[in-house]
Amino acid sequence: MIPVNTPVLSGNEKKYLAECIDSSWVSSEGPFVGRFESAFADRVNRRHGVSVSSGTAALDVAVAALGIGQGDEVIMPSFTIISCAAAVVRAGAIPVVVDCHSDTWNMDVSQIEARITSRTRAIMVVHIYGLPVDMDPVIALAERYDLSVLEDSAEAIGQTYHGRPCGSFGDISTFSFYANKHVTTGEGGMVVTDDDKLADRCRSLRNLCFQPDRRFVHEELGWNYRFTNVQAAIGLAQLEQLDRTIARKREIGLAYVRLLADCTAIELPVSTMSYSENLFWVFGIVLKDTCEFEAQYVTEQLRKMGIGTRPFFWPIHLQPVFRARGMFCDVVCPVAERLGKRGFYLPSGLGLSDDDVKCVVVTLLEILT
Ligand SMILES: *Cc1c(COP(=O)(O)O)cnc(C)c1O
């Protein structure tokens with residue numbers, strides 16, 4: 001069996017975990033939490049890092065910290081994970097989606113301006129599958145219309161845009177440390193920002209909005225989204241290995257690109273843009289319209305041959321949970337819809353060997369031809 005992802009924990013994880021156990025520091029008050037937060041914030045050139053329990057929690061906290069609320073509109077890609085829209089909807093605000101590019105799979109930033117109204121408060125950008133969104137036009141629009149920028153960098157840990165770290169753009173950025181992310185703590189996440197007040201709000205929101213002067217008296221509602229010393233110990237060790245992780249992810253991605261280059265049934269991810277080299281956080285492929293097979297058929301065949309895959313995101317505007325609320329009734333995003341139907345990703349975890357990559361390719365080509 002070749003699973004879609006296997007994390008590798010081969011650095012100081014065990015050593016730091018032993019320190020947690022020997023010192024009996026397991027809670028969010030332990031010393032690794034602060035060490036990991038500042039090391040991670042440094043890595044993405046931000047002044048503050050606020051760890052939380054997941055990438056989804058990070059989005060909740062970031063949206064709330066920006067003061068986004070009832071009736072506000074947030075522009076975001078339709079092709080992304082539910083967490084992005086869920087955070088906005090839970091805040092009482094309205095997600096307004098734009099379609100993506102058929103080659104980069106990232107939000108088509110040229111469609112943003114037409115969606116701006118008097119109620120627009122923020123643009124949420126999401127770097128998809130390891131290739132950054134073209135940030136310069138987004139930042140320019142946000143300045144012109146006085147909008148906040150929230151950057152979801154969960155899939156771009158260690159990635160750069162014109163040499164500048166993803167996660168350093170806009171007002172606030174979020175990360176996830178789920179098991180398939182470039183830095184994993186099992187579950188976990190982080191909000192980063194340069195703004196002292198925003199950082200304070202995030203720290204308060206993740207910790208039930210406890211007040212310093214009288215504990216258990218609350219003026220605002222927060223969450224318990226705290227991150228533990230045990231998670232931070234693993235995270236710090238993972239962060240130490242980030243450069244190696246990225247190099248290996250690129251190696252796996254480029255091997256797939258090379259081995260699949262002649263396959264006429266599929267579209268491959270873009271390897272290089274003027275502003276970034278793809279990190280191939282996952283290795284996605286899209287069945288061409290001329291390919292007779294459905295994605296579900298191909299992934300089922302791969303599964304029978306012992307190869308794990310995942311389907312692409314299902315567009316936000318087609319999500320039953322939102323449709324049932326009467327949202328997105330007349331929204332059409334043809335590119336996102338096609339990707340949702342025709343795309344899936346292949347195994348690309350750090351645990352994958354070069355032989356595994358070859359085996360996946362041979363099996364896939366057998367099914368497709
Ligand atoms: C993984 C991911 C999340 C959610 O992170 P969790 O830690 O699984 O909650 C949010 N946004 C993007 C773009 C992701 O890839």
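## Close-up views of a predicted model

View 1. Residues are numbered from 1 along each chain as its sequence is written, and side-chain values use heavy atoms, with hydrogens and water left out.

**View 2. Serine 176 and glycine 55 at the ligand.** Serine 176 places a polar side-chain atom 2.7 Å from a ligand oxygen atom. Glycine 55 takes part through its backbone instead: one of its polar backbone atoms is 2.7 Å from an oxygen atom of the ligand.

**View 3. The shell around the ligand.** Here you can find the residues around the ligand, including Thr56, Ile81, Val126, Asp152 and Glu155; a residue belongs here if one of its heavy atoms lies within 4 Å of the ligand. The shell divides into 3 nonpolar, 5 polar and 3 charged residues (Ala, Val, Leu, Ile, Met, Phe, Trp, Tyr, Cys and Pro count as nonpolar, Asp, Glu, Lys and Arg as charged, and the others, Gly among them, as polar).

View 4. Look for histidine 48 in strand E1, residues 48-52 (strands are DSSP runs of at least two residues, helices of at least four, numbered from the N terminus). Its relative accessible area is 14%, so histidine 48 is buried (buried means under 20%, exposed over 50%, partly exposed in between, with a 1.4 Å probe and protein chains only). The side chains of histidine 48 and aspartate 196 make a polar contact at 2.8 Å; within protein, one atom must be able to donate a hydrogen and the other to accept it, and residues adjacent in sequence count only if both atoms are side-chain atoms.

**View 5. Tryptophan 281 in a loop.** Tryptophan 281 is found in the loop between strand E10 (266-267) and strand E11 (283-287). This residue counts as buried because its relative accessibility is 4%.

**View 6. Leucine 339 in a helix.** Leucine 339 belongs to helix H11, residues 334-342, and counts as buried because its relative accessibility is 1%. Leucine 339 and proline 311 are 28 residues apart in sequence and 9.5 Å apart in space, C-alpha to C-alpha.

Conventions
This is a predicted model: local features need pLDDT of at least 70, side-chain atom pairs count only at pLDDT 80 or more; totals for chains, interfaces and linings use all residues. A polar contact is a pair of N or O atoms within 3.5 Å; within protein, one must be able to donate a hydrogen and the other to accept it, and residues adjacent in sequence count only if both atoms are side-chain atoms.
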